[in-house]
Amino acid sequence: MKSDVEELMPRLLPVEPCTEEEYDVNEPPRNPQEYLRYVQNFNLLEASLCPDVVVAQIDPKKLRKKQSVNISFTGCRAAPQGFSPSLKWQQQQVSSFSEVRQSVTKNRQHWKVQFLDDNVVMPKPDDEDGWKKFCLGEKVFLNITSTERDIGNPGLDYVKIGFPPFLSIMSKLNQSTISAVLEYLINWFEENDFVPQLGRWLYALLACLEKPLLPEAHSLIRQLARRCSAVRANLENKDDERLSALNLMICIVARYFEQNDLADKD
């Protein structure tokens, strides 16, 4: 009679049955068939010696000594008194943002086939520094202060001040590149202050981000909202020009993309 283990094991190497008279297990195999029978019998023997249930013996004292706990702050920092927007303001921003997304979707195909100006050279998707310079400009990326010569020559040099997120540019980005550029800019924002060029690009990228969100994009926008709340918490007065933009980023992430635990309460 076959054992339970033998019945359950798949027959990857089928061997014709034999009697004990035909094959002596104590003798070395004389041909391929006997060798296969030997391997099969050896495996069945090993399996029969294994217990059905194995319980690991863990010393709780050793576990406590080596245990490490990582605590991450997953929510947004509360806004200072009077710095958070009203619920009505948030609802208006969500409505406006939704209209912008609809407009982008409607006109995306038209602008996708349009040629860019010769001075617009878009970086490759994996060129992180290239995208930071492209979006923010060399001055911001390299932390170059304005000179008197720059003030006297107000001509637009997008290489220095950054290319705006024109629809002709945004329409040429697929979802993978949109997520990548969003990650590059958020990484830069984690170590730098909020600037207008950053706000424009973050808004445009969010407007082009398709729902439902991929896990990577979901994590990125939450990181963005938390960073905005951290910068907002350090503002000294309500007249700071960054406040409205920071509130807007948090509002879009929390209210439009339904990350409700990050939302500012009325």
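**Close-up 1. Contacts of N260 in a predicted model.** This view comes from a predicted model. Setting aside residues up to four places away in sequence, N260 touches A254 and K265. N260 sits in the segment that comes after helix 13. Is N260 buried, exposed or partly exposed? Its relative accessible area is 49%, so N260 is partly exposed. G75 is 185 residues from N260 along the chain, yet their C-alpha atoms are separated by 10.0 Å.

**Close-up 2. Helix 4 against helix 13.** Two packed helices are described by the angle between their axes and the distance between the axes. Here helix 4 spans residues 87–112 and helix 13 spans residues 242–256. Their angle is about 75°, and their axes are 9 Å apart. Angles of 65 to 115 degrees count as roughly perpendicular, so helix 4 and helix 13 are roughly perpendicular to each other. Which residues of helix 4 meet helix 13? They are L87, W89, Q90, Q93, V94, F97, S98 and R101. From helix 13 come S244, N247, L248, C251, I252, R255 and Y256. By class, this contact has eight nonpolar, five polar and two charged residues.

**Close-up 3. Y203 in helix 11.** Y203 belongs to helix 11. Its relative accessibility is 23%, so Y203 counts as partly exposed. Leaving out neighbours within four places in sequence, Y203 is in contact with S96, F97, V100, L248, M249 and I252. Take L248 from that list.

**Close-up 4. Helix 5 and its cover.** Helix 5 runs over residues 128–136. Which of its residues are buried? G130, W131, K132, F134, C135 and L136 are. The cover over these buried residues includes helix 6 (138–141), helix 8 (158–161), helix 9 (167–170), helix 10 (175–191) and helix 11 (196–208). Look at the start of helix 5: a side-chain oxygen of D127 reaches to within 2.9 Å of the backbone nitrogen of G130. After helix 5 comes G137, with a positive phi near 90°.

Close-up 5. A residue counts as buried under 20% relative accessible area. C135 has a relative accessible area of 1%, so C135 is buried. C251 has 2% relative accessibility, so C251 counts as buried too. A disulfide is a covalent bond between the sulfur atoms of two cysteines. How many disulfides does the model have? The count comes to zero.

Definitions and conventions: Residues numbered from 1 in each chain as written. Predicted model: local features only at pLDDT ≥ 70, side-chain atom pairs only at ≥ 80, totals over all residues. Heavy atoms only, no water. Axes fitted to C-alpha atoms, helices over the stretch in contact; angles between N-to-C directions. Helix = DSSP H or I, 4+ residues; strand = E, 2+ residues; numbered from the N terminus. Parallel < 35°, antiparallel > 145°, perpendicular 65-115°, else oblique. Contact = heavy atoms within 4.5 Å. Nonpolar A, V, L, I, M, F, W, Y, C, P; charged D, E, K, R; others polar. Disulfide = S-S within 2.5 Å. Buried < 20%, exposed > 50% of the residue type's maximum accessible area, 1.4 Å probe, protein only. Polar contact = N/O pair within 3.5 Å; in protein donor to acceptor, adjacent residues only side chain to side chain.
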